[in-house]
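Please read these points with the sequence and the 3D view open beside you. They are meant to be checked one at a time against the model.

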Amino acid sequence: MSMNKIVKLQSEQSGTFTATKNLIDFTIPSYGSTQYDMRNAYVNLVARTTITDASGATGAGIYNFDFIWNALPNLTFDNNALIKNVRLTSSRVGGLEDIRNQHYLRAAVSPYYRSEDDWRGKEYVRLSQAASQGNIRLAPNQDFRPTGSVKSRYRDINIQIPLKDFLELGNADTFPCDKLGDCRLHLECNFDRLTIAQRQGNGTRTSDFGNEKYTEFADTAAGANVTELTMKEPLKDIKASPYWVGQKLAFDLSGNGAPSVTGKEAVVDSITYDEQTQKLTLGFAASIADASGNSTFTDITCDGVDAGSLDFSITEAQLILEQKGKNEPMNELQYKTYTNEADVGAGLTSFTRQYQVEPNCFNLLCVVGTDDTDLLPENAGKTRFTSYRIRSDNKDLTNRRVDYQKPLYYDRTGMWMLNEGLPLKNLIETNINATAGYNSRYSTNPRPLIFIGTNLPMTPTNKLVQISIEGGGDGVKQINLYKSVVKNIKL
């Protein structure tokens with residue numbers, strides 16, 4: 001029995017990739033008679049961080065950080081947002097898929113077909129992190145060690161982007177390169193939108209340490225130099241710890257019989273966890289405050305320390321494929337894909353426009369944004385868009401306007417998802433706030449979303465579809481229409 005095997009392909013361009021060097025190409029070889037199972041295929045971008053200390057004299061620290069989309073620190077996003085335009089071509093049959101601005105499409109649809117559990121289940125490979133139930137967010141793919149004496153370390157970040165998250169043929173269990181010939185995957189990326197920023201820096205003890213009480217420590221013993229500190233507050237789950245070995249912190253200690261200490265920087269040398277008291281003890285290689293006689297230190301707190309600089313670079317791009325051990329007989333390749341049309345609404349609060357749609361289009365999605373830097377179809381204040389109505393070939397598809405978040409609105413959303421073959425799992429319609437605590441992740445500076453979509457009949461000729469949107473505020477500005485079409489290729 002022939003077994004499938006994993007194939008890793010390097011991009012035709014060499015790193016380092018930047019905001020301007022953002023094109024990535026892969027050649028998928030046919031080897032004469034090769035088929036691939038694309039369901040587990042993914043693009044792997046290798047990112048490397050460069051972080052320096054502001055003061056090397058106080059030791060080399062290991063710092064926590066975030067990846068941020070377009071200077072919006074509270075926005076959560078998926079890895080596929082890094083890919084803007086995608087094109088897949090074949091040497092024998094030509095174009096297979098060509099989706100422009102695919103990141104808007106995926107950002108508009110994914111909040112509806114994935115529950116929060118589904119979303120959080122992929123945090124181990126996602127750049128964008130949200131607060132856990134302990135209100136802690138740690139940088140992705142880093143070796144943060146919560147206990148012991150082995151220092152934490154930075155690791156290269158493997159940014160995995162499944163093909164099925166940006167390419168419809170990524171869902172194919174059989175991709176017949178034996179019939180299609182060599183294929184070429186071309187990606188244009190949004191690296192200019194991605195930045196890095198520190199977490200748990202100076203002044204963040206109330207916001208980034210999970211619980212402010214976790215930054216308070218017990219009084220020291222009389223006459224003892226401070227080489228270790230024990231938390232006052234019990235920590236029921238070590239996963240909620242805001243500390244790791246190698247972390248650089250700044251301490252304030254009030255001296256009783258000895259000088260007080262303010263802003264003393266020190267690197268955590270070791271961490272122990274007492275199962276009985278459920279408290280952490282931080283150890284240091286040298287004393288952070290020296291006692292005098294029977295003096296003690298009280299009111300001990302810590303805060304983060306700012307790094308000197310933070311930067312990252314994407315050094316490699318790889319395509320991971322699963323090559324089938326046994327070929328399947330295929331005479332045709334039928335699949336769904338999207339065509340895209342961009343438009344500008346000029347800020348109109350009463351917008352009506354007609355578009356020409358392909359005969360084989362069965363679903364239409366209208367994604368609205370403020371400008372071309374937006375990622376989400378945000379309905380600011382739930383008043384920017386209040387209703388919409390769609391006509392096809394001069395026939396209304398509903399008997400009244402579709403009011404935002406009313407029963408008919410949810411019905412039309414569910415119909416689009418059903419016709420697309422996607423489950424409808426989530427109607428919260430709010431982006432998770434990346435910087436908020438777990439209990440306020442939907443209520444702090446909320447970003448409500450809107451879904452404007454409809455199913456369409458397949459027709460022998462082009463359809464004329466009229467979209468009418470009513471609202472206020474910024475009105476209709478950037479528009480992207482995504483038309484779901486069926487393609488059938490004879491092999």
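The points below take up a sheet, then cavities and pockets, then some backbone details.

1. Basis of the note. This is a predicted model, in which local features need pLDDT of at least 70, side-chain atom pairs count only at pLDDT 80 or more, and totals for chains, interfaces and linings use all residues. Residues are numbered from 1 along each chain as its sequence is written, and side-chain values use heavy atoms, with hydrogens and water left out.

2. The sheet. Strands of a sheet pair through backbone hydrogen bonds, either parallel or antiparallel. Here an open sheet of 4 strands runs in the order β2-β9-β5-β6, and the pairing is antiparallel. Strands (E, at least two residues) and helices (H or I, at least four residues) are DSSP runs, numbered from the N terminus. Two strands pair if DSSP finds at least two bridges between them.

3. The edges of the sheet. β2 (23-28) and β6 (94-99) each have a single partner strand and stand at the edges, so one side of each is left without a neighbour in the sheet. From one strand to the next, the twist averages 15°. Angles run from 0 to 180 degrees between N-to-C directions, and axes are lines fitted to C-alpha atoms, for helices over the stretch in contact.

4. Over how many bridges do β5 and β9 pair? Strand β5 (residues 83-90) and strand β9 (residues 183-189) are joined in the antiparallel sense over 7 bridges. Opposite Thr89 stands Arg184, in β9.

5. The helix on the sheet. Helix α1 (residues 102-113) packs on the sheet and touches β5 and β6. Its direction makes about 110° with that of β5. Contact means heavy atoms within 4.5 Å.

6. Terms for empty space. Rolling a probe the size of a water molecule over the atoms shows where empty space is left. On a 1 Å grid over the protein atoms alone, a cavity is a set of points where a 1.4 Å probe fits but cannot get out; a pocket is an open set with protein on both sides within 12 Å along at least five of seven lines; and lining residues have an atom within 4 Å of a point. Grid points are joined across faces, edges and corners, and a volume is the space filled by probe spheres set on the points.

7. The largest cavity. The structure holds 5 cavities of 30 Å³ or more. The largest cavity has about 340 Å³ of space. Its lining has 24 residues, and Ser110, Pro111, Arg114, Trp119 and Asn431 lie nearest the centre. At least two lining residues come from each of α1 and α2 (116-120), and α1 supplies the largest share, 5 residues. The lining divides into 12 nonpolar, 8 polar and 4 charged residues. In this count Ala, Val, Leu, Ile, Met, Phe, Trp, Tyr, Cys and Pro are nonpolar, Asp, Glu, Lys and Arg are charged, and the others, Gly among them, are polar.

8. The second largest cavity. About 60 Å³ of space lies in the second largest cavity. It is lined by 11 residues, with Tyr104, Val367, Val368, Gly369 and Asn480 closest to its centre. β20 (361-369) and β26 (476-490) are the elements that give two or more residues to this lining. β20 gives the most, with 3 residues.

9. The largest pocket. Which element supplies the largest share of the lining of the largest pocket? That element is α1, with 5 residues. The pocket holds about 810 Å³ of space. Of its 31 lining residues, Tyr113, Arg114, Pro162, Lys164 and Asp165 lie nearest its centre. By class, the lining has 12 nonpolar, 7 polar and 12 charged residues.

10. Backbone details. The peptide bond from Gly15 to Thr16 is cis, with omega near 5°, and Thr16 is in the loop between β1 (5-10) and β2. Asn141, in the loop between α2 and β7, has a positive phi, near 65°, in a residue other than glycine. Asn141 is partly exposed, with a relative accessible area of 24%. Buried means under 20% relative accessible area, exposed over 50%, and partly exposed in between (1.4 Å probe, protein chains only).
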